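User: I would like to learn how to read a few backbone and helix features. Please take me through them one at a time.

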Amino acid sequence: MLMSPIVVSQLDLADVAQPSPTTTRFLEPAVRKALIVIGLFALFAALTLPMFLSTESRDVRVSNGQVAIPRTLLTERPVVLEGEWSIERITQGGVQNRALVKVPGPWEGLRMPNGNKLRAGEAMLYRLTLHDVPAGDYRMFLPSIWGASRVYVDGRLRSSRGRMGFSPTTSVYELRLHDVSFSTEGGDVRLAIAISTYNDIKNGIRIAPLVGTAAVMDQWIALAWARTFYISVTFVLIGLFALIVFFNRRVDRSALYLALGAFGLLGVEGIHGLQNLL
């Protein structure tokens, strides 16, 4: 029995080769591109998130100018020294009028025991006693202070920035952090921070100091420098990208403003980052 040949026309082949116009695409090209960008941003954020997680401990609070930090805590994480510090006014005749002030925070407006209110331009001495500190090597980190400042440990001068004075003409500022290393054989450790702010309305300790063992603080400071470097590089890349866009499309002034803003923020980060680099 003979079978009749099957004739396939060119029109039938065209219908098979090409998908029907009613076939639904998985995603439009614009949507795919948007999802790729969002995915890359999420991946980048996930990779850098550990860099910005807080590693400091706020489990203890300073009260009445004193604090007792558990021994295990000092060896695990840097401890933020927040709370009520003791404060005294520094005059040419010595220190006087002890009171309590919150750290972080300004001293302006604080009423002293003699009834006088503190002004922004003063010379003040902060005091704090750390009780039962185990023997070992330690470091204290104090961010930049807008004024002249000194740090004492057990009565010994450990760090100095600028020149302390009792008037705007005798005070010289130096916006630098304090990174103080000290050792103890065990027992109480007395910290003191002297600040002179006659040339600025900013006063007080705006960011609380941190203290920990030398090994713990080494890791924390390395991470803090990595954050500063990461933020600075981000501003540089954003600024360069915006400049490239502006040079290729001069009518787009928004790209120029974005570049100027990014480079401007780079300068702000250089001053207010971990260390004043300017």
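**Reading helix, peptide bond and phi**

Analyst: This is a predicted model, where local features need pLDDT of at least 70, side-chain atom pairs count only at pLDDT 80 or more, and totals for chains, interfaces and linings use all residues. Residues are numbered from 1 along each chain as its sequence is written, and side-chain values use heavy atoms, with hydrogens and water left out.

Analyst: Proline 104 sits in the loop between β4 (94–103) and β5 (123–133). Strands (E, at least two residues) and helices (H or I, at least four) are DSSP runs, numbered from the N terminus.

User: Which form does the peptide bond from valine 103 to proline 104 take?

Analyst: That bond is cis, with omega near 5°.

User: How far apart are the end C-alpha atoms of helix α4?

Analyst: Expected span is 1.5 Å times one less than the number of residues. The 35 residues of α4 (residues 214–248) should span 51 Å, and the end C-alpha atoms are 51 Å apart, so the two agree.

User: Which residues of α4 are buried?

Analyst: Buried means under 20% relative accessible area, exposed over 50%, partly exposed in between (1.4 Å probe, protein chains only). An α-helix has 3.6 residues a turn, so residues three or four places apart point the same way. In α4 the buried residues include Val216, Trp220, Ala224, Arg227 and Phe235.

User: Where is aspartate 132, and is it buried or exposed?

Analyst: Aspartate 132 is in strand β5. Its phi is positive, about 55°, although it is not a glycine. Aspartate 132 is exposed, at 51% relative accessible area.

User: What is phi of aspartate 154?

Analyst: Phi of aspartate 154 is near 55°, positive in a residue other than glycine. Aspartate 154 lies in the loop between β7 (148–153) and β8 (156–161). Aspartate 154 counts as partly exposed, at 32% relative accessibility.
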